[in-house]
Amino acid sequence: MRVKIPTIQGNHMGLNAMIILEDGSTYRGMGFGYPKTVGGEFVFNTGMVGYTEALTDPSYKGQILCMTYPLIGNYGVPSRTIMDGYGLPKYFESDRIQVSGLVVHEISNVANHRDCHETLDQWLYNEKIPGISGIDTRELTKKIRIKGVMKGALSVSKNQIITRNLIDTIEGTKYEGYNFMSQVSVEKTMEYGDPFLEPIVLIDTGTKNSIIRNILEMGYRVIRVPWDTPFNEIISHNPKGIIISNGPGDPKVCHSTIETVVKLFSSSLPILGICLGNQIIALAAGGDTYKLKFGHRGQNKGCTNVGTNQTFMTTQNHGYGVKSNTLGKTGFKTWYINSDDNTIEGIKHESKPIIAVQFHPEASPGPYDCIHIFESFKDLIENKGSKEKSIEIDKFKGGGKIFQRMKQ
Amino acid sequence: MSEEGIKTILVNPNIATIQTDTRFASKVYLLPVNGYYIKQIIEKETPDSIMLAFGGQTALNCGVSLHDEGVIDKYKIQVLGTPINSIKITEDRQQFKTAMIKSNVPVLESSPAYNLREALDVANKLGYPVIIRVAYTLGGKGGGVAHNEYELQEIVQRGLSLSLVNQVLIEKYIGSWKQIEYEMMRDCTGNSVAICNMENVLGMRVHTGDNIVIAPSQTINNEEYHRLRSAAIRAIDYCGIIGECNIQFGLDPSSESYCAIEINARLSRSSALASKATGYPLAYMAAKIGLGYSLTELINSITKATTACFEPSLDYVVLKMPRWDFRKFELANRRIGTSMKSVGEVMAIGRSFEEVLQKAIRMNDAGKIGIVGNDENLKEELELVEQKLLYPSDEILFDVVKAMRLGIPISRINKLSTIDSWFLFKIKNVLDLYDKIHEVDVSDISENLLRKAKKYGFSDLQIGQALGLKEISVRKLRQKLGINPVVKQVDTLAAEWPAKTNYLYLTYGGDKDDIIFRKEKNSVMVLGAGPYRIGSSVEFDWGTVNMVWGLKNNGIKSVSVINCNPETVSTDYDISDRLYFEELSLERILDIYEKENPKGIVTCVGGQTANNLVPKLGQLNVRIIGTDSVHTDMAENREKFSQLLDSLNIKQPPWNKFTSIAEAKIFSRNVGFPVLVRPSYVLSGAAMKVIWNEDQLERYINEAAQVSPEYPIVISKFFQDSAEVEVDAVCNGNDVIIGALIEHIDNAGIHSGDAMMCIPPWRLNRQTMNTIVDYSNLIARKLKVKGPLNIQYLVKDEEVYVIEANVRASRTTPFVSKIVGINLISLASKAIINGSLPEGLNEPWLSISGFGIKVPQFSFMQLEGSDIVLGVEMQSTGEVACHGNSFYDALSKAYEAAGYNLPLSGSALITIGGQKNKAKMHSLISLINAMKFKILATEHTAEFIKNNITTNVQEVHKISEPVRKPNISDLLYDKKIDFIINIPSTSTIEKYVGMLDDEYQIRRKAVEMGIPVLTTVESAISFIHCLEWRNKNKPSINPLSKYHLN
């Protein structure tokens, strides 16, 4: 039977809207979603698909997101009731929109897809998030690239925009050094999966649903605990391994998580850090982190495994990173590097079963090329030693390699 | 490869492409790309290795056959890039299917068939409709969708004959699914990246070559995008691709189902598109990977800082629109479907779907000003429009508009056309805005409305159409309101890294230019030629590129190119200082001109498209570099050119312009039929026609054309049995360098683009050549030509007539330049800049050794139904040329290069119309007989042969009389005919719609079966002499440079 594919037209569009950045630059456009004024750190993402996944990624907390891809909203927003096999929402990374505001060049006035439930502007309206369209997003991106990320305000209104309100909003906006954990972490412990399976504790510093999905996929049960859960409580679950999730903001403000991780190091439990989790592990080990000028946000970032020299496309969403020269005495060594700028994309302990990556192996949005990180983690838990994904070069006996050798 | 210090030998008989310029490869062989020739070149040059992925399907097939024949092993040659075994997996349907299943990628249920019986069984099992695919062919050649047994039989028979391995694949048909493609790169260490994903707007129903393609995909979500991407990586990993490939998927819009359709393990038309769409140089990277580099070792050539191991992020939208030329083929079926029929394409870059759609439609240069605002015939019946949505033709987008105008709901249009509703709504947006503009009064038009229209890709002309204003008035109005486009860069990384390149486009979707315009006076803009089409193709790309290099060599600091054809080298961003991937419209050229403020614009290498803009640019006081607009007009305008020739005492065939049938008849009677008629308005069919009598003239004007004071027709005397000669020259206003005199091998009456040609002339006497040289000098000086010039002459009874002169690079400029060894465009770039031309180049065409012969390449096979008889309208889609020590050495190789088989024994089918033709063919038939061919002939021809030549002739029966045996139809299918001479009588040379006579049937079937058909006396003579020569001689194998004496 043929399924009827819904086509829905936008409803909450055509409002007045304006952006003012910290440096005083202003951009006028058309508002959509919910009319209100918000402040936040302006960041850009270069991914071309996956706005429902991106907007619900808790790592964006406190930020106003500018999409570099110009046409957003084409396939609408699916229903929250569409679940994966584990009962997790298929298209959403958390239970709400996490960005403070959305900046696009064009929001589609119509949405069409098999799974479309509502339009993007309607969803933003429902979740009380403002959006602005008609912006020269390339120009805004260049500004952020050149000057670095900065605070700013976005105002959407049915009436005329009052500039003063935006300036006041910027002044009241906190990002750097601000602890977002209470806004993104679970309040109390939650469990997922078959209760008879062995547990993995997920320290929720703003986790994405896809991380939970991938742990379940590994064949474990997930115990998702608040970000500040003490060591003893974590150990009381008798976990087979620990995963420290992604999350928003500066890792250095997650004091209690860092303290917990320091204790976990001595427990000899396998640990996997993802994104913020990677930074927290580095800090706990005595390394240092820094703020990137304009972050890495997109789905096209090549990361190279320094051991095998294999390069994978990864999804990234981070504004902070691990300082490369600070790992010296930590017992950790570089595992993955960014193929473009050689910054650290993953670390690995020399003797303990601890690995961490700066990118998002759970993808969503983005490429699934690094799902094998979870497999590596599973190998650590099962004490198989961390196998690297590698291919048999012999299988690909193209003339090429030989030619190069011949030349030398 | 030259960056790596590697010596390269290029084999390609395509004379017009920049690729066969000696600048790139160490050695160029203008020879057929087939096993026989490549083997000999390998023996001669003893190369270390071979690359197969860069010459399309032709090279790939050739590589496989070289391997299978053991040539590659015997000479210990390495195949660089994707290995032969991997190629075989992707090419053989069954192996491919197995490979996909093993890599956990779904495929459609299907089975191969090696004969009709098997095919029928498979189809019955799968249930109709089914799609038939042919193993090892290009452009979906020979495949098709069958809804019943009858259609199946037709397609399978054609397909089996075309397949190298006599195999077709019968598959379930999924016409309503989306068609999504990925361009993939993979290196020999196993790194894989998806460079570009593309969505076909017309879905699975239409071959991607004929589809409207958008990049990146618009209607699929993250999960679908990456599910397919992951499948692509698994698939190419399994197949062991090294380099570049394209993978196509079908995706069901109403479920989670998808399937892999095919992998092209080579650079393709799609890869060229993907390269231009993303700025990622796929061919360059694939070459490096073939040499053994890994992706991470290579650098992104746009940022010059980041790795090539990444996936481009676009912050714009790209739309590819095919260019069809069905108008040239009266009998051709205009439906588009599973086999490719378009001859070229354009690509538009912008920041909204509406913008790129409308830009692309205009770029196509097919007479439309956008998706709306064209002459819309709304009288069509609803039912007919619905049929057209169901069975799309080249007009599909305009049929969608029609359907919307008729009030057919979008949901129904979607159901019939399978075009995703998102695209349909976007088209509706444009329509609605057009109507809104149409409703407002000129004085009330708001800035907002105008701005929105520009963002939706409306041109000034289109807005003018809606408002009742002239194009230039709209321009002034919007400029007064400060509505101007901005220049943006294509940088592969969505502005995340600083870009070091100037690959640019213009859009209204932004506020600021990406680049700074300095008041640089020493800059020049060069106009390209737009889409490849019949009559304007790759030769102008060669010209544009050489012009850019020439200008740079002559001290121009900044050369920018404007062009919109993704298949060209002129749109490679590293050719020019600035590349504007843009419309070649007056509006856009002015936009760029105003920003660039250059020294001037070069219009002489962009074919007729650029040339046609000269008068308008001249009127607006735009500086033209080259022949000025007054003199360009003098060459273009028939009356003015006639006066010029009169003043020089040079003859031309008598002609005149008419506004009524009566006058036309009187003139035609006076000069005598046949006459050549050129209407200025054509209702149907081709524009030019040879008319043989008064009745026909009347019928043609009444039925197909129109004549009125508004639409005059031009009639000129048509000389039968005359020779055509062309001259390509360069002039700096005073000095003239003639590159060559080129003689057509066919007699006049075949369009110069379809004619076989020869350098140096082989039949002209010295005196005629001198006259032509003198005339050319006189005309060039009188026209004050600065730059290239092409003049076409007619020689009848030793008398020289001028047909026309073009003050621009011509189709034959690369042919002349490469055969004679003098780059006419390099000289032209000197001529237009500082005037001095080198001395001592006296009749250079006479000093080459041997002959250079050009043979047209036709695509009749792809154009279902089209007749192959040539006429005054051009029909070929490409050309090849070969050099030879003798005339027949060159010609026989050129024939082979154009895909003809040269049978040295077997059977010839001869059917000749009219006594005069039969008489002309008398001696040739004797020769065929002497060469021991078995002669088959239809009734009258057989009788003629029996009575006059030989009794060695078997009478065969017409296709229209299938019960009478032996029948031509059976003989064709059983491959019992090796070549056909089918010369229609002069009265049936005239083609008209609906003609389905026997001769046409024979020609058509033969084309479908790949059997050579000769349709003119001259071509038959030259073909048979080639066979005769080949019987006794071997073709010469030499690189191009060998033939140049200097």
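How many helices and strands are there in chain B? Chain B has 36 helices and 38 strands, where helices (H or I, at least four residues) and strands (E, at least two) are DSSP runs numbered from the N terminus. This is a predicted model, in which local features need pLDDT of at least 70, side-chain atom pairs count only at pLDDT 80 or more, and totals for chains, interfaces and linings use all residues. Residues are numbered from 1 along each chain as its sequence is written, while chains are lettered from A and ligands numbered from 1 in the order in which they are written.

**Overall form of chain B**

- The radius of gyration of chain B is 28 Å, close to the 31 Å from the globule rule for 1046 residues, so chain B is as compact as a globular protein of that length; the radius is taken over C-alpha atoms, and the rule is 2.2 Å times the number of residues to the power 0.38.
- Along the principal axes, the C-alpha atoms of chain B fill a box of roughly 80 × 70 × 65 Å.
- Of the 1046 residues in chain B, 58% are buried (20 or more other C-beta atoms within 10 Å of the residue's own, with C-beta atoms placed from the backbone).
- Among the contacts in chain B with a separation of 6 or more, 70% join residues 24 or more positions apart; two residues are in contact if their C-beta atoms, placed from the backbone, lie within 7 Å.

**Interface between the chains**

- The contact between the chains takes 60 residues from chain B and 55 residues from chain A.
- On the chain B side, β4 (78-80), α8 (222-239), α10 (282-290) and α15 (421-439) each give two or more residues, and α8(B) gives the most, with five.
- This side of chain B comprises 25 nonpolar, 26 polar and nine charged residues (Ala, Val, Leu, Ile, Met, Phe, Trp, Tyr, Cys and Pro count as nonpolar, Asp, Glu, Lys and Arg as charged, and the others, Gly among them, as polar).

**Domains 3 and 4 of chain B**

- The domains of chain B include domain 3 (356-480) and domain 4 (486-625), with bounds from an automatic or database domain assignment.
- Their C-alpha centres lie 27 Å apart, and eleven residues of domain 3 of chain B touch nine residues of domain 4 of chain B.
- On the domain 3 side, α11 (353-363), α16 (447-455) and α18 (471-480) of chain B each supply at least two residues; α11(B) gives the most, with three.
- By class, that side of domain 3 of chain B has one nonpolar, two polar and eight charged residues.

**Local elements of chain B**

- In helix α22 (629-636) of chain B, six of the eight residues are buried; among them are H631(B), M634(B) and E636(B).
- The cover over the buried residues of α22(B) includes α21 (607-619), β22 (624-625), α23 (638-647) and β31 (799-806) of chain B.

**Domains of chain A**

- Chain A is divided into domain 1 (13-172) and domain 2 (181-381), whose C-alpha centres lie 27 Å apart.
- Their contact takes 26 residues from domain 1 of chain A and 28 residues from domain 2 of chain A.

Definitions and conventions
Buried ≥ 20, exposed ≤ 12 C-beta atoms within 10 Å, placed from the backbone.
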